[in-house]
Amino acid sequence: MKITVIGGGSWATAIVKILSQGNVQIKWWMRSVNDVEHIKKHHHNPKYLSSVEVHPSKVKPYTNLKEALRGTEWVILAVPAAFVSDAVKSISAENLANKKIISAIKGMIPESNQLITDYLAENYGVSHQNMGIIAGPCHAEEVALEKQSYLTIASPNIELATEFAELMRCRFVKTSVLTDIYGVEYAAVMKNIVALACGITHGLGGGDNFQAVMVSNAMQEIKRVVDVIAPMERDLSASAYLGDLLVTAYSQFSRNRTFGNMIGRGYSVQAAQLEMNMIAEGYYAVKCIYEMMQQHAIEMPITNFAYQTLYKNASLKKEFEILKGKLK
């Protein structure tokens, strides 16, 4: 089985590690020529999860995306949503024709407020039947440590989801499948917003009691959104929804929570981004979801709190008091 992985960050590295447990050939594209040369020589990513060994017999790094896509059956997108359009600008619909595309991105295209799957459908003519997404509570850092993890593959094409779930299953990763691609994708976007908001309130002095209330209210907020955008029967207590929210809101590895905590302690957005040197998807998602939901008149106090503090330069303490008054 030949697979192309697009992205050079920690999650892309973790996915390469997971897939490498099976009988596959991986063509790994990343932007940096220096990183590619380092991997070829030293067999590990120099910037992210450097403890993960990259097996040269199974993994070949590329900087030319067209070459990396040639002859592969599966394509996995694992770059931050804000950089997707730039990452794939060198290819056309022809380069993705007849391939199965899996998004490992838990974010939205900022310029168009689009989910990744909708962006690929509109700009590259990829059918939703040929797409899926990776979801679930699974931090890249714990994959590197081979901690037991659980992933959900969501696709309207259950056969595609099942086939890819088998590829991702290994000794330390269990997989399941769902057909609710929109619900899972929106929930994955929103849990980053919630984690970011949790970080801000924690930085402002909110404790564990308040965070528990935040998370329980967040599930109601997520339900209101997915019920409007993609109405169907779904169990939001499943790990692809609630599990992903919990680990992102509470984990030490959550970059969105870390980013929010820095904002709550007085960092500017720019300073927090520079110090982290990693992308917090929730920052971009806040604006996307806020703008989308304005037309639906949905009550979203947590998203509104994050939007006002991050994009409107509102008083953190004042917005915190408003949020406290709206949660139940």
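Trainee: How much space lies in the largest pocket?

Mentor: This is a predicted model, in which local features need pLDDT of at least 70, side-chain atom pairs count only at pLDDT 80 or more, and totals for chains, interfaces and linings use all residues. Residues are numbered from 1 along each chain as its sequence is written, and side-chain values use heavy atoms, leaving out hydrogens and water. On a 1 Å grid over the protein atoms alone, a pocket is an open set of points with protein on both sides within 12 Å along at least five of seven lines. With volume taken as the space filled by probe spheres set on the points, which are joined across faces, edges and corners, the space in the largest pocket is about 1100 Å³.

Trainee: Which residues lie nearest the centre of the largest pocket?

Mentor: The lining (residues with an atom within 4 Å of a point) of the largest pocket has 46 residues. Helices, DSSP runs of H or I of at least four residues, and strands, runs of E of at least two, are numbered from the N terminus. Elements that give two or more residues to this lining include H1 (10-19), H4 (84-87), H7 (140-144) and H14 (281-293). Nearest the centre of the pocket are Gly9, Ser10, Pro80, Arg255 and Ile279.

Trainee: How many residues in the lining of the largest pocket are charged?

Mentor: Asp, Glu, Lys and Arg count as charged, Ala, Val, Leu, Ile, Met, Phe, Trp, Tyr, Cys and Pro as nonpolar, and the others, Gly among them, as polar. In the largest pocket, 23 lining residues are nonpolar and 13 are polar. The charged residues number 10.

Trainee: Which helix gives the largest share of the lining of the second largest pocket?

Mentor: The second largest pocket holds about 170 Å³, and Ile263, Tyr267 and Asn313 are among the residues lining it. By class, its lining has seven nonpolar, four polar and no charged residues. H13 (269-276) and H15 give two or more residues. The largest share, three residues, comes from H15.

Trainee: Which helix gives the largest share of the lining of the second largest cavity?

Mentor: This cavity, of about 30 Å³, is lined by Pro301, Asn304, Phe305, Glu319, Ile322, Leu323 and Lys326. Two or more of the residues come from each of H15 (301-311) and H16 (316-326). Four residues, the largest share, come from H16.

Trainee: How are H6 and H9 set to each other?

Mentor: H6 (116-124) and H9 (181-203) pack at about 120°, with axes 10 Å apart; axes are lines fitted to C-alpha atoms over the stretch in contact, and angles run from 0 to 180 degrees between N-to-C directions. Ile116, Thr117 and Asp118 of H6 meet Ile181, Tyr182 and Glu185 of H9, contact being heavy atoms within 4.5 Å. Angles under 35 degrees are roughly parallel, over 145 roughly antiparallel, 65 to 115 roughly perpendicular and the rest oblique. The two helices are therefore oblique.

Conventions: 1 Å grid on protein atoms, 1.4 Å probe; cavity = no way out; pocket = protein on both sides within 12 Å on 5 of 7 lines; lining within 4 Å.
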